[in-house]
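Student: Please take a close look at one part for me: the aromatic rings and their surroundings. I would like the cut-offs spelled out as you go.

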Amino acid sequence: MADNNSEFNFNISLSVLDHLGRNLYRSFITVIGEAISNSWDAGAENVWITINREENYFVIRDDGIGMSKEDFQGKFLNIGYSKRKDSNIQQLKGRHFIGGKGIGKLALLSCAKKISIITKTSETDYVGGVIDNNKLDQDISDGVNAQDSKLSEIDDVVFLDYKKGHTKGTIIYFEDIHEGIKNKLGYIKTLIALSFKFSLIDEEFNIFVGGKEITIEELKPLAEKTQFFWNINAISDPYLDMLEQQNSLKNKGSVDSEIGVNGFIASTEKPSGLTIRTMDEKVGVDLFVNGRLREKNILSHTPDFATRHIASYLYGQIHFDLLDDGTLTDRMTTSREGIKEGDEEYAKLIKEFKDNIFEQISKEWNEWRNEIKVIKPDITDTSLSTFSAFTESKQTAINEFLNVDEGEDLKEKAKQMIANISPAESSNKKILITHSSEDSEQANIIYELLLFCGFLPKEILYTSSNNIDSKTPEGTNTLGYIRKFFVNDWFKKPYVFFIASQNMENSWYACLEVGAFWVVENTHKIATIKPYEPKLPLNPDNHIYLTFNDKNQCDKEYLFEMFKEISEDFNKDCLDKKSFLNEFSQIISASDTEKCK
């Protein structure tokens, strides 16, 4: 019979930290989110985030209750400690705790090589330490027990500026960020605004980034692209108030639900309206629980609806607090970025969306879109302010189209208008690819993909093309040809691909193309060759751009979405994703073969 020994106990290996923290959290915004969530639970009224991309560090400081020496060791460094299970801990300011398992703090280890933490209460002095991931790696390699792996000492100089005026709370300094801080400040602000809804509606909780408070205004660019919205269970929301004021808003509706869900769903005029500043992120229909983002884009859990055309236009914020009812039941995944599969309450929510909410929205969306299609254009609209500059035959053709009677087929009327423009004045060109001659390799990739999408060579203006139908006619001045096309012969928004690189910046001809083109209202994409960063007027914070690396690889998902959108804009056939990506691979392979010759 085995000996009974009451002295046996668990001894957790330091390597567990890799699985629970350092290798679990991938998203930069998730790491920031965990720190902000800790500040919320600590009763903070303010969180200040300082980001220094050049020196590759960021700092998060709050004015919460802070921690004593005993708290720092027994709670913060106690992996798995949960405030919810501690009967001595009270919720502060009437807030729900949004921390759960006590392992979210490990997210802090996932994005930086070194993390310095200091904290104080209103009655105690600063305490803290440095978590050095290199030292932690060595301790894991040496088999050091968790209890014997000590934090390094704080460098007080690092915190001198951040201690000024700080009477209580926690300050965390993230040093030497893995892969650097790639996101622009404006992009980070928008993500924080989208991810922390409570920060926009709780007047006692404020988030500052780079000294500027995150407010509802961060979401104005999204509001300006919104066409419709639906209020679920009649919530009062400052963002919906902002939507009401937008000229882009064409209609609004309401949806009733009996399961305790509320929020809103909105749709943009075009799928590209969902893109946040750059190609990295798109807005979706996100799930919030007690004010914290818990599941991004829940449309992915309704595959039948997610494949409909409408799904590529929708975004919103859904609040379902029953998923965190204050009990010890934890429905969140370990990564804190989703809900556990099979949860009954979550299944109830998804069913409500499929059977009720999405069905109503889909029906009304189709009706409202059809209504908009028969609205007469207004000749006084600012987009037609150059009407008087058009040639006489163009003015006649446009006027006939503007006088269309209600109920007439607009598509047929548009065809008639185009036919009435004399061939001498009309142009088949739809897209311009502007580039430096040194970057013709990347420009050719864009050109070949446009051909694959159904564009004809005569519809593309591409000066480096080998096809006579696309290039500038022999003996014609390139800049004069472009000027004639965009200023004299065309009355629609031109669509332009900029192949942005240092070569473009150094090319006098390419700069003239950019300048000549910029005098007209435009729709454009920027294809950037790393490590070049586009400069004004090619501002990546305002315009979507695609980035190639030195092997001409890029974000293939984004590439497909971009060309799908362009095809829709020009009524080309809908793209098949698999075929498109296969074509892209073949173009890259052919380019590599050509370089080897």
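Tutor: Phe58 and Phe174 are both buried (under 20% relative accessible area; over 50% is exposed and the range between is partly exposed, with a 1.4 Å probe and protein chains only). This is a predicted model, in which local features need pLDDT of at least 70 and side-chain atom pairs pLDDT 80 or more, while totals for chains, interfaces and linings use all residues. Residues are numbered from 1 along each chain as its sequence is written, and side-chain values use heavy atoms, without hydrogens or water.

There are 19 aromatic pairs in the structure. Phe58 and Phe174 form a stacked one, with 4.2 Å centre to centre and 10° between the planes. Rings of Phe, Tyr and Trp (its six-membered ring) pair if their centres lie within 6.5 Å; planes under 30 degrees apart are stacked, over 60 edge-to-face, and the rest tilted. Phe58 is in strand S2 (residues 57-62) and Phe174 in strand S5 (residues 169-177), so the pair links distant parts of the chain, 116 residues apart. Strands (E, at least two residues) and helices (H or I, at least four) are DSSP runs numbered from the N terminus.

Trp230 and Trp368 are also stacked, because their ring centres are 5.2 Å apart and their planes stand at 10°. Since Trp230 lies in strand S8 (residues 226-232) and Trp368 in helix H11 (residues 344-373), this pair ties together parts 138 residues apart in sequence. Trp230 counts as buried at 0% relative accessibility, and Trp368 is buried at 9%. Elsewhere, ring pairs join Phe452, Phe497, Phe560, Phe563 and Phe580 into a cluster.

Charges come next. The charged end of Arg61 sits over the ring of Trp48, 4.4 Å from its centre, and Lys120 lies over the face of Tyr126, at 5.8 Å from the ring centre. Such a placement requires NZ of Lys or CZ of Arg within 6 Å of the ring centre and within 35 degrees of the ring normal.

Now the sheet itself. S2 and S5 belong to an open sheet of 7 strands with mixed pairing, in the order S4-S3-S5-S2-S1-S6-S7; strands pair if DSSP finds at least two bridges between them. S4 (127-132) and S7 (212-213) are at the edges with a single partner strand each, so one side of each has no neighbour in the sheet. Strand S3 (residues 112-120) pairs antiparallel with S4 over 6 bridges, and Ser116 stands opposite Val130 in S4.
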